[in-house]
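Morning, everyone. Let me put the model up, and we'll start at the ligand.

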Amino acid sequence: MLTLRGHHLICLHFFSGEGYDVLFIENLRDGIKRAESEEIEVVSGDDNICAKCSYLKGHKCMHDEKADGEIREMDDTALKLLNLSAGQRVKWQAVKERIPGIFHEWHNKYCDDCDWKQACEKSDLYREMKMR
Ligand code: SF4
C-alpha cells in the first residue's frame, strides 16, 4: 500500500513534473499514479515519496539542519486541515475533494516561503485554487 505523509497529501496535487533529480521525479510520478488507483496509508514521518529522495538519511530529512522539524510541523498542519491522522487509510479522490476547502489556509501559511512555489504555479489546479 502506498504511504503518504501529511504535506504530501496536499502538495502532490500540484505536481508539475519537477523535482530534485530524475529518480525522485520518476518516483513522484509513480506515487501519484498509485495514489489514483490504490488505497493510501497516512503516515507520520518518511513515506514512499521520501524513499527516493537523496536528502533522506536514516528516516530524517537532511535537506538542511532545520528541515526535518519544519517538515514534520507541515505534516501535522496538513493532517489537521484534512481532518486525518497517521494510521488512517484514505482514497486520493477523497483527499482531493478536501483541497478547495483548505487551500487558502495552507497557501497563506506555507507556499510563499516554499522552494517549490514556482513549480506549483505551473499546475492548473494550483492556479485555479489561488483564484477561488
Ligand atoms: S508551494 Fe510548496 S507548500 Fe505550497 S503547495 Fe506547492 S509544494 Fe506545497
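Around the ligand sit Cys 11, Phe 14, Tyr 110, Cys 111, Cys 114, Trp 116, Lys 117 and Cys 120. A residue gets on that list if its C-beta atom, placed from the backbone, lies within 6 Å of the molecule. By class, that shell has seven nonpolar residues, one charged and no polar. Here Ala, Val, Leu, Ile, Met, Phe, Trp, Tyr, Cys and Pro count as nonpolar, Asp, Glu, Lys and Arg as charged, and the others, Gly among them, as polar.

Two notes. This is a predicted model: local features need pLDDT of at least 70, side-chain atom pairs count only at pLDDT 80 or more, and totals for chains, interfaces and linings use all residues. Numbering starts from 1 along each chain as its sequence is written.

Now the fold. The chain has six helices and five strands. Those are DSSP runs, numbered from the N terminus: helices are H or I, at least four residues, and strands are E, at least two. From the N terminus, the order is β-α-α-β-β-β-α-β-α-α-α. The C-alpha trace spans about 40 × 30 × 25 Å along its principal axes.

Next, Ala 119. Where is Ala 119 found? In helix 5, residues 117–120. Over the chain, buried residues make up 25% of the 132.

Note on methods:
A residue is buried if 20 or more other C-beta atoms lie within 10 Å of its own, exposed if 12 or fewer, and partly exposed in between; C-beta atoms are placed from the backbone.
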